[in-house]
Structure formats: structure tokens, C-alpha cells
Amino acid sequence: DVEYLLGDRYLDFSLCLVFAFAFPFIRAILRKYVYEPWGRYAMGFGDPKKTDKRMDEAAQAKMRKWCESCWKMTIYIAFTTLALVVCWGEVWFTDSRYWWLGCTRFPPCNLPVSRGLLLFYCAETGFYLQAIHFLTFHEERRKDWLESMIHHVVTSGLLLYSYALNFTRVGVVVILIHDVSDIFLEMAKLARYADREATIGTPAFVVFFLSWVACRVVVFPLFVIRSTLFEPVVLVGAYLGVEPRPHWEIFNGLLILLFVLHLYWTVLIFEVIRKQLR
């Protein structure tokens, strides 16, 4: 049987809410004591304790964007590192068949999952739940705001749904595929804010673009979606008589919607590159 952190998956769900409430406080502390002092130094705004110079509205907006990118880069580095820690050495990390093999009862799938992975999953789910609030009320509005909101809602739905069904093995791989490239995107943004595009920004953007295409346009559909479409039906459904429907349609529908968003953003990235090369 599946082991849960608090003995029951519904109680475990409460941990997601704990993380969702905790992340804004962590963000506020880091902003005050780390991101803003670092931003003043990197962008040349000066130390407020040593100068009477005040930031104008443009500088304040730039500082907000700086702190936002700092927070995102911190989260992506932390979650990527933790995902590698909980997955490393597991046979299912590189062999998608073991996302499903051994599941004899469903739902939820009765595959064993480590408590470390469950705790990580709660943290990631809590992050995306609070990210919807921040995107709506606090973060700078960008051209792709609606697409970002759809992404956050779909990702939150996928995390909650896969957690309830105990599809956490495939879930953590999806998380890792998504988070790793975003580290370099936020790094490139910070370099641009600090006028370090030539030395840091351009190399970071190149790494971001290559990792984005590799992870989200190639690995995600060919490794993850290929597995979720066919392997649970062939390895579990047909062989053991376990009925995966309607969860098979719902889960794959959300993954495919996520992939469509990836393709949309890939087109936007190509447009940015094309304009830069003109």
C-alpha cells in the first residue's frame, strides 16, 4: 500500500496549503534582506543607508522585476536540486515503464513512493497554488499574462490530480523537465536588468533556449506524453485488467494542453531571437 506523510492523502493535501501560505513569507524575507540589497548593488541604485538618493518610478518598477526574477530563479534552483535528490538512483527516473509497473489497484495507484518525494510534491504544489495569487495581484503584467495564468492553473491541476491518483513518479519528472530551463531564463533577465547582457545575459539565454527546446519540445512529448498515452494501457490496463478511464483521458488532456502552451512560447522565443538577429 501507498505510504502517506500524515497517514492519509487528504491530510497530506493540507501540507500543500501550509506550503502555499509559507512561501509568501519566505519571499518577503528574501526580498528585504537579499534581493533588494543585491539589486541596488547590481543595478547601481546605491545603498539607501548611505545616500539620500531615492529611486524614481522607473527604477522601482525595475527593482520589482529584479526581485521577481530573483525569487523565481531561487525556487527553480531549489526545486530542480530537490527533484534530482529524490529521484537519483531510482529505476523509474530513466525508465518510464516503472511509472506504471507494479500498480495493481487504481485509483489511487498503489505503487510505493518515498516520503521525501511526497514532501517535495507538496512543496511544489503549494508553490503553484500561491503563484496564481501572485500572478493575479502582485507581479508585473506582461504580454503573455493570460498564457502564464493558464499554465499555472493547468500545472496546479496536474499536480493536485496526479497527487490524488499517486502518479507522483511521472509528476516529478514533469516538474524537473519544466523547472531546469527556467533557471537560465531568470538568470538572463537579471543580467539584462544589471546591464550584463554581453557577459552573462546572452550565454544564459542560449543555454535557456537549448534546454527549453530539449526538455519541453523534445523530451516532454517523446518521453513523458508517449509513456502516459500508451504504457499504462499496455502494461497495466490490458495486462491486469485495471481500468484507467476516465483518468487516462483527463491526465493526458492536461499534459497535451501544457505541451500546446510550450509550442506557443517556443514560437514567441523564436520571434525574440529573429528580432535580435536583424
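In which helix is Thr155 found? In this predicted model, Thr155 belongs to helix α4. Its relative accessibility is 10%, and because a residue under 20% is classed as buried, Thr155 counts as buried. Leaving aside residues up to four places away in sequence, Thr155 touches Tyr128 and Leu258.

Helix α2 covers residues 57-87 and helix α3 covers residues 115-137; the two pack at an angle of about 160°, and their axes lie 10 Å apart. An angle over 145 degrees counts as roughly antiparallel, and α2 is therefore roughly antiparallel to α3. The crossing of these two helices is left-handed. On the side of α2, the contact is made by Trp71, Ile75, Phe79, Leu82, Ala83 and Val86. On the side of α3, Gly116, Leu117, Phe120, Ala123, Glu124 and Phe127 take part.

In soluble globular proteins, nonpolar side chains tend to be buried together. The largest nonpolar core of this model has 71 residues. Those with the most contacts inside this core are Trp66, Phe167, Val170, Val172, Val173, Phe220 and Val224. At least two residues of the core are supplied by each of α1 (9-43), α2, α3, α4 (145-165), α5 (168-193), α6 (197-240) and α7 (247-277). The largest share, 13 residues, comes from α2.

Most residues other than glycine have a negative phi. Asn166 has a positive phi of about 60°, although Asn166 is not a glycine. This residue lies in the loop between α4 and α5. Is Asn166 buried or exposed? With a relative accessibility of 5%, Asn166 counts as buried.

Asp195 is likewise not a glycine, and has a positive phi of about 55°. Its place is in the loop between α5 and α6. The relative accessibility of Asp195 is 64%, and because a value over 50% is classed as exposed, Asp195 counts as exposed. Thus Asn166 is buried, whereas Asp195 is exposed, although each has a positive phi.

Notes:
Residues numbered from 1 in each chain as written. Predicted model: local features only at pLDDT ≥ 70, side-chain atom pairs only at ≥ 80, totals over all residues. Heavy atoms only, no water. Axes fitted to C-alpha atoms, helices over the stretch in contact; angles between N-to-C directions. Helix = DSSP H or I, 4+ residues; strand = E, 2+ residues; numbered from the N terminus. Parallel < 35°, antiparallel > 145°, perpendicular 65-115°, else oblique. Left-handed = near helix turned anticlockwise from the far one by under 90°. Contact = heavy atoms within 4.5 Å. Core = buried A, V, L, I, M, F, W, Y, C linked by side-chain atoms within 4.5 Å. Buried < 20%, exposed > 50% of the residue type's maximum accessible area, 1.4 Å probe, protein only.
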